[in-house]
Amino acid sequence: MNFLEAQRLVSTFQGGEPLAFLFALSGTAEPFALYVRAAAARRGRAADVRFLPFNTLAQALRRDADPTVTEVFLLMPWDFAPEADWRSGVPESVDQETLEARAAETASLLARRAQACLLYLPAPLPPLFPDPSRGAAFARSLESLALGLGARLLPADAFALGGYLSSGCPVGGTWIGRVAEAVVDAAAAPRAEPKKVLVTDLDNVLWSGLIAEEGPEGIAGEPSGRGYRHFVYQSLLRRLRREGTVLAAVSRNDPDVVVAPFRSGRLLLREDDFVAIIASYHAKSAQIGELAQRLNLSLDSFVFVDDNPVEVAEVSLALPGVRCVTFPHHDDELVAFLDELASLFPHRVITAEDRERTDMYRRRLDGMIANDLQGADLTRFLQDLKMTLTIHDRSRGDRTRAVQLINKTNQFNLNGRRVTDEEVCAILDGGGRLLSATLADRTGSHGEVLACLVTADNTITSFVMSCRVFQRRVEYAFVSWLAAQPNPPAGLEWASTPRNTPFQQFLHEVAGPLNGAGFVPLDVTSVVDRHARDVGLFALRQA
Amino acid sequence: MRATMTDAAESRLQEIVRATLELPPDADVTEARQLGVESWDSLAHVSLMLAIEGEFGVSIDLADQIQLTSYAAIRRYLQGRALP
């Protein structure tokens, strides 16, 4: 943008949303005024820009920032090291340590202005040192300081020595329009408040594996093998916690199950690194909402990490203010994931209060959060998944996976009963049926996720489903389908186990209130009617 | 060989001088001199030099900037440069 174009933009601008900000630089800023107004007008904004008086940036940095004022700093190398200012000529001699200390002091003053937008113009330095390589290294160190503060680098070519010497304006005429655009972009960028709370899932996120299925010994979170990537994630969380990020965990599990790994000492993180470890079978959105309320923190300050896209969708739909980040399934996505996560919790300075924040918030909580909480309606999200549920009759042929599923599943398990292949064979020989289901969606196949053993007298004696597909309504669609078949099941042999709360909730919904262990009758007409909507979520096939 | 200034370039120059010095539409900018134009102060001079640099894609040395105190001097200076 050159002068005449800027002039035209400003003179024809009809007005727009005000964009008020302080443009701070140590040189002469007034020549920027027209270009800044033009750049704002191009973005439909009416710039209301204020400048610092010439050469007063150092003083301004020593005053507290006004939180109501947006500040954009255009920093030059001599703002960090005044001896490098061309307008003072080449110093007779310099002490590098003094220069570096002064630069660090300026950096710390800038770091205190957490909301300031920084631009850095890496103008060439005068020859400060007898050894030119030291000068180059020093210039780089200043650039690093600026980058470390989150400054955006401008092209060094934007600096014009002639203009700077004559007027104090460091940017030449061929660049001033472009620099003004960068200034306006910085001023207009939404102020992303740093997040405060990181809520993490546990299974296959904080550690590899499913704690309820594989037990504390079956999961991995150490720096080796399949646990390595989870160890790296834990190490980032440890750093964030030290910097003042409040950590919490939510998991579809039983409370006593999920704390075991923390108490085993095998994880990098300890139980008291978390403000709360919430283990229940309620919707995660409801648990996060409850946590926010009790911590008295805005949901906008929350980040939620989970590997399960259904959980991520549920939280996104119910709590749009929460930033949801999916834990990657592949190692090559890990770098970008960690980078994104770290960038959500930027800290220019760490205070003692930051380090104690988790303890402070933990005192506000008085235990686990578990009550009757409702989640989001996931119907549209599940429809978009284009799920296909294929029912397999495993009464004949290979039934290895179905039997294996019955014997390894803990949470969604009708009664926890383990069966041998011989026992299954006897039930099938007596006229029983073994059914299983595979699930696929637009992201790929989830494999064989459900198994159901029905005796000749139409009693379901085993019914299990992998917890990987919780919340997709697979179990409801399956039982509805089964209830609509010829010879539908008359009931189920239910028994409570220390781990099968999810099944209990399902059964309560499908068959009504439970009265202890034993045979639970199934009203098939009611099941078919009530869960037709769940069946509609799937393309249902029979293999 | 000295480059010449096209009518279009001269028209742009006149527009820049008029705008940066906030001269009235009927003022003859070709006669403008720093000593005779009240608004041509040091800050306006900086803006004028930056505008010329940006508009004509040139970088004006400090020594030249000090000499460019009239429309005629600026025109002569630009005539001596290969303009885009």
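Reply: Gladly! Let us begin with a rule: two residues are in contact when they have heavy atoms within 4.5 Å of each other. By that rule V403(A) touches V419(A), D421(A), V424(A) and L434(A), leaving aside residues up to four places away in sequence. Please keep in mind that this is a predicted model.

Me: What makes N253(A) buried?

Reply: The cut-off is again 20%, and N253(A) has a relative accessibility of 1%, so it counts as buried. You will find N253(A) in the loop between β7 (246-252) and α11 (255-264) of chain A. Its neighbours, not counting residues up to four places away in sequence, include D203(A), I211(A), Y281(A) and Q411(A).

Me: How do you know that N253(A) and Q411(A) make a polar contact?

Reply: A pair of N or O atoms must lie within 3.5 Å, with one able to donate a hydrogen and the other to accept it. The side chains of N253(A) and Q411(A) make such a contact at 3.0 Å.

Me: Why does R45(A) count as buried?

Reply: Its relative accessible area is 18%, so R45(A) is buried, the limit being under 20%. R45(A) belongs to strand β2, residues 45-51 of chain A.

Me: What does the side chain of R45(A) reach?

Reply: It reaches the backbone oxygen of E17(A) at 3.2 Å. The backbone oxygen of P18(A) also lies 3.0 Å from a polar atom of the R45(A) side chain. Among the residues that R45(A) touches, beyond those up to four places away in sequence, are F13(A), L19(A) and A188(A).

Me: How do you know that E340(A) and R323(A) form a salt bridge?

Reply: The rule asks for a side-chain nitrogen of Lys or Arg within 4 Å of a carboxyl oxygen of Asp or Glu. Here the N to O distance is 2.9 Å, and the two side chains meet in a salt bridge. E340(A) is in helix α14 (residues 334-343) and R323(A) in strand β10 (residues 323-326), so the pair ties together parts of chain A that are 17 residues apart in sequence.

Me: Why are E340(A) and R323(A) called partly exposed?

Reply: Partly exposed is the range between buried, under 20%, and exposed, over 50%. E340(A) has 29% relative accessibility, so it counts as partly exposed. R323(A), at 35%, is therefore partly exposed as well.

Me: What makes up the interface of chain A and chain B?

Reply: In this interface, 20 residues of chain A are in contact with 17 residues of chain B. The two chains bury about 1,300 Å² between them, 72% of it on carbon and sulfur atoms. F3(A), L4(A) and G173(A) supply 37% of the area that chain A buries there, more than any other three residues. The count of salt bridges between the chains is 0, while the rule finds 4 residue pairs in polar contact. α7(A) gives the largest share of chain A's side, 5 residues.

Me: Which residues have the most contacts inside the largest nonpolar core?

Reply: They are F32(A), L74(A) and I52(B), in a core of 70 residues. Apart from it lies another core, of 45 residues, including L210(A) and F381(A).

Conventions. Residues are numbered from 1 along each chain as its sequence is written. Chains are lettered from A and ligands numbered from 1 in the order in which they are written. This is a predicted model: local features need pLDDT of at least 70, side-chain atom pairs count only at pLDDT 80 or more; totals for chains, interfaces and linings use all residues. Side-chain values use heavy atoms; hydrogens and water are left out. Buried area is the accessible area (1.4 Å probe) that two parts lose on being put together, summed over both. Helices (H or I, at least four residues) and strands (E, at least two) are DSSP runs, numbered from the N terminus. A nonpolar core is a set of buried Ala, Val, Leu, Ile, Met, Phe, Trp, Tyr and Cys residues joined through side-chain atoms within 4.5 Å. Buried means under 20% relative accessible area, exposed over 50%, partly exposed in between (1.4 Å probe, protein chains only).
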